[in-house]
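Open the model in your viewer and keep the sequence beside it. We will go from stop to stop, selecting as we go.

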Amino acid sequence: SLGTGYQNTLDVVNNGCTPENGGITAAQSSLNVNIGGYTDWYLPSRPELLELHNAIETIPCFNISNNSNVPWSVNYAGQTSGLYWSSTEANNSESTALNSFNGNFSWVSKMNTLRVRVIRTF
């Protein structure tokens, strides 16, 4: 539900989830973000991600590695789809992801590498 993304993100990190191929989880990468001096970013829940998508669907997506002034997403190397992780788990092996092209959600294997769109409470 709305407002659960931060706790979901903490749960992933605090439960010791680790990627099979090394690196860090989408949840940890969200907590590591520092944008404009703010470090309270997190991976949004499914409804939070949909609200964000609906609010900014006409704003271009920027890549943090490009040092944009409005870095809406953290893009992983090799990511070519418009899928973004939510912090909402579907089951033990899948989480929900938003297709930014059509606003639909799907269950995606946690083994996949997807984009992250971070949010913060304001």
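Select C17 first: it sits in the loop between α1 and α2. Helices here are DSSP runs of H or I, at least four residues long, numbered from the N terminus. This is a predicted model, where local features need pLDDT of at least 70, side-chain atom pairs count only at pLDDT 80 or more, and totals for chains, interfaces and linings use all residues. Residues are numbered from 1 along each chain as its sequence is written, and side-chain values use heavy atoms, with hydrogens and water left out.

Stay on C17. Its relative accessible area is 43%, so it counts as partly exposed; that class lies between buried (under 20%) and exposed (over 50%), using a 1.4 Å probe and protein chains only. Which residues does C17 touch, leaving aside neighbours within four places in sequence? Show V12 and T25. Contact means heavy atoms within 4.5 Å.

Step to G16, which follows α1. Its phi is positive, near 70°.

Next, select helix α1, residues 5–14. Colour its buried residues: G5, N8 and T9.

Last stop: S29, in helix α2, residues 26–32. Is S29 buried or exposed? It is buried, because its relative accessibility is 9%. Its side chain reaches the backbone oxygen of A26 at 2.8 Å.

Notes:
Helix = DSSP H or I, 4+ residues; strand = E, 2+ residues; numbered from the N terminus. Polar contact = N/O pair within 3.5 Å; in protein donor to acceptor, adjacent residues only side chain to side chain.
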